[in-house]
Amino acid sequence: MVQEAQDSMEIKHKDTEKGYEVPHFINGRQVKTQDRKLELYNPATGAVIGHVDVANHEIVAQAVNAAKAAFPAWSAMTPPQRAKILFRFKTLIEQNKDSLARLITQEHGKTLNEAMGSLQRGFDVVDFTCGIPSHLKSAYASDVGTGVDSFALTQPLGVCAGITPFNFPAMIPLWMFPMAIACGNTFVLKPSEKDPSCALRLVELAKEAGVPDGVVNLVNGDKETVDALLTNPDIKAVSFVGSSAVAEHVYKAASAQNKRVQAFGGAKNHCIVMPDADLDQAADALVTAAYDCAGERCMAISVVVAVGDQVADKLIEKMKPRIVNLKIGPGTTPGVEMGPLVTRQHWEKVKSYVELGKQEGAKLIVDGSQYKSKEQPNGFYMGGCLFDHVKPGMRIYREEIFGPVLSVVRVPDFETALQLINDHEYGNGTAIFTRDGYTARTFADKVQVGMVGINVPVPVPVAYHSFGGWKRSIFSDIGMYGNEAIRFYTKLKTVTQRWFPGDKS
Ligand code: NAD
C-alpha cells in the first residue's frame with residue numbers, strides 16, 4: 001500500500017512538468033469539474049504549470065453530503081479504532097515526505113528544507129491525534145448527591161470544514177482535519193487555490209491509511225467555494241486561517257448561522273531587542289525570523305523594536321551583510337536560503353510596500369526589491385529589504401506586508417516598546433531578546449499577544465500546546481491543535497445519573 005502511494009506520487013510529479021489539473025476529492029475519489037478553473041504557477045519560473053478546479057454550490061453540496069453520510073459510522077467507531085487509522089496515516093506521511101515537500105516547493109516556492117520543516121510541524125499534530133483515546137477522556141464526579149453521579153461526554157459535532165491559506169499548504173490542513181476526524185467528525189477541506197496539490201495528496205494518503213470514503217473530502221476553489229461552505233446548513237463548525245479581512249468575513253458569516261467557528265487572521269510580529277541582549281545572537285535570529293520562507297509566515301518577525309540608538313545601529317551593522325548576501329533562487333536548488341514569492345500579484349504587492357516605505361520617509365538600508373534572477377528572469381524573486389527609522393504612523397508599520405521586508409523602530413526604553421506592541425491591531429506572535437529575567441517576565445505577563453518568545457524569535461507552540469493569536473489576529477477565542485482543538489471539535493454533554501436498588505444497569 002505504501003509502495004503504491006509512493007509510485008502514484010512520482011507519476012503525479014512527472015505529470016506536473018507538462019501541466020496538470022487539480023481535481024476535488026469527494027467520497028474517496030477524485031472529482032473533476034469543467035465550469036471554472038484557476039491557473040497554478042511555479043513561482044520559481046513564473047510559468048503556468050496547471051489548473052485547479054473551482055467548486056460551485058453543487059460540488060460543495062456533494063462533498064458535504066458525502067461527509068454527512070459518513071458521519072454515523074465514523075463517529076460510532078471507538079477512539080482506539082480511529083487512532084489506529086491515524087497512526088497508519090502518520091506512517092504514510094513520513095514515508096512520502098520527500099515527494100510531499102517537492103509538491104510544496106513546486107507550487108509555493110519555499111525551499112525544500114523549509115517545506116520539510118513545515119511538514120514536520122504538521123506531522124507532529126498527526127502524532128498528537130494518535131493519543132486521541134486519552135485526549136477524549138472526560139471528567140467524572142461520584143456522589144454529587146446521595147447516590148447521584150455526574151460525568152461529562154465529549155461528542156463530535158458532525159461535518160466540519162477547514163479553509164486554509166497559501167503559506168503552509170500542508171501544515172495548516174494538518175492542523176485541522178486529523179484533529180477533527182480523531183474526535184469523530186467528518187470533514188470538508190478547502191485548501192488555498194494557489195498551492196492545492198499537497199493537500200490533495202494528504203487526503204489521498206488518509207484514504208490509503210484506511211480513513212473510510214466520505215470522512216475527509218476536499219473541494220478546491222476561491223470565494224465562491226468558501227461562501228458555499230459557509231452557507232451550507234449541514235456544516236457544524238468552520239476552521240479558517242488566512243488574512244484578517246477574510247477571517248472576519250468567515251467569522252461573521254459562519255457564526256450568524258450558529259456554526260462553531262475559529263478564524264485566524266494576519267500578523268505584524270514585533271521583536272524587542274534590549275541593550276543587555278547578546279546582539280550577535282539576536283541578529284542571527286532576526287535574519288532567520290524575518291526572511292525564512294521569504295517572510296511569508298504568520299509568525300515571521302516583521303518589526304524589530306530596538307531599545308536605544310546604539311542597539312539599533314549595532315543590530316543593523318550585524319544584519320546588513322547577512323541580508324545582502326542571502327542566497328536567492330529556486331527552492332529546489334541546494335544552498336538556496338530564500339525562494340520566490342508565491343504569485344506575481346503578491347510579489348508586486350510586497351514590492352509596492354518598499355516603494356511606499358521610501359515615500360513615507362523610512363530609511364531603506366537594504367533594497368532587495370529590484371532583485372533579478374539571471375537563470376529564472378520570470379520567477380517571482382526579490383531580495384531581503386531592511387528599513388530603519390520606521391514610525392508607528394506609517395502604513396509599512398501598521399499593515400501586514402507578508403514578504404521579506406523588516407522594519408526597525410527605535411524606542412528609548414522597554415515601557416515604550418511594550419506599549420508600541422500593545423497598541424498594534426495585530427497580536428499573533430512576539431519576542432524579546434534580553435538577559436534580564438525580570439524584564440522578560442514582565443514582557444510575558446503584560447504583552448497583549450497570543451504567542452510569546454523569550455530569546456526565541458519564532459515561538460510557534462509545539463503540537464501538544466495550542467496555537468493562536470490575540471486581537472485582530474483571531475476572530476473567536478479558541479486555538480488550533482492541542483487541547484484547544486479537542487475542545488473545538490467536540491461538544492460537551494453533562495450527564496447526571498441515579499440508579500435505584502433493583503434497577504438493571
Ligand atoms: P487569504 O485570506 O487570501 O486566503 C485564505 C483562504 O480564504 C483561501 O483558502 C482563499 O481561497 C480564501 N479566500 C480568499 N478571499 C476570500 C474571500 N473574499 N471570501 C472567502 N474566502 C476567501 O490568505 P492567504 O493570502 O492565502 O494567506 C496569507 C494570510 O494568512 C496572511 O494574512 C497571514 O498572516 C495569514 N495567516 C495567518 C495564520 C495564523 O495562524 N494567524 C497562519 C498562516 C497564515
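**Reading the cores, helices and domains of a predicted model**

Reader: How many residues does the largest nonpolar core have, and which of them have the most contacts inside it?

Author: In soluble globular proteins, nonpolar side chains tend to be buried together. A nonpolar core here is a set of buried Ala, Val, Leu, Ile, Met, Phe, Trp, Tyr and Cys residues joined through side-chain atoms within 4.5 Å, where buried means under 20% relative accessible area, exposed means over 50%, and partly exposed lies in between (1.4 Å probe, protein chains only). The largest such core has 71 residues, and those with the most contacts inside it are Phe89, Trp175, Phe177, Phe187, Phe467 and Tyr489. Its largest share, 10 residues, comes from helix H7 (residues 171-182), and at least three of its residues come from each of domain 1 (2-265 + 473-492) and domain 2 (269-454). A second, separate core has 66 residues, among them Cys271, Ala290, Val311 and Leu418.

Reader: What should I know about the model and its numbering before going on?

Author: Residues are numbered from 1 along each chain as its sequence is written, and side-chain values use heavy atoms, with hydrogens and water left out. This is a predicted model, in which local features need pLDDT of at least 70 and side-chain atom pairs count only at pLDDT 80 or more, while totals for chains, interfaces and linings use all residues.

Reader: How are the domains given, and how many residues of domain 1 are in contact with domain 2?

Author: Domain bounds come from an automatic or database domain assignment, and here that assignment gives domain 1 (2-265 + 473-492) and domain 2 (269-454). The centres of domain 1 and domain 2, taken over C-alpha atoms, are separated by 31 Å, and 19 residues of domain 1 are in contact with 26 residues of domain 2.

Reader: Is strand E14 enclosed or open, and which strands pair with E14?

Author: Helices (H or I, at least four residues) and strands (E, at least two) are DSSP runs, numbered from the N terminus, and two strands pair if DSSP finds at least two bridges between them. In E14 (residues 301-307), 7 of the 7 residues are buried, so E14 is largely enclosed by the rest of the structure. Strand E13 (residues 269-273) runs parallel to E14 and is joined to E14 by 5 bridges, with isoleucine 272 partnered by valine 305. Between E13 and E14 the chain passes through helix H11 (residues 279-291), and this β-α-β crossover is right-handed; with the strands pointing away from the viewer, that term says that the path from the first strand over the helix to the second runs clockwise. E14 also pairs in the parallel sense with strand E17 (residues 405-411) over 5 bridges, where alanine 306 has arginine 410 as its bridge partner.

Reader: What span should helix H11 have, and what covers its buried residues?

Author: The expected span of a helix is 1.5 Å times one less than its number of residues. The 13 residues of H11 should therefore span 18 Å, and its end C-alpha atoms are 18 Å apart, which agrees. An α-helix has 3.6 residues a turn, so residues three or four places apart point the same way. Among the buried residues of H11 are Leu279, Ala282, Ala283, Leu286, Ala290 and Tyr291, and what covers the buried residues of H11 includes E13, E14, helix H12 (309-324) and E17.

Reader: How many residues of helix H4 are buried, and what follows H4?

Author: In H4 (residues 97-108), 9 of the 12 residues are buried, so H4 is largely enclosed by the rest of the structure. These buried residues include Leu100, Leu103, Ile104 and His108. Just after H4, glycine 109 takes a positive phi of about 105°.

Reader: Which residues have a positive phi although they are not glycine?

Author: Most residues other than glycine have a negative phi. Asparagine 27 has a positive phi of about 55° and lies in the loop between strand E2 (24-26) and strand E3 (29-31); at 40% relative accessibility, asparagine 27 counts as partly exposed. Alanine 294 has a positive phi of about 50° and lies in the loop between H11 and E14, where alanine 294 is buried, with a relative accessible area of 1%.

Terms used
Contact means heavy atoms within 4.5 Å.
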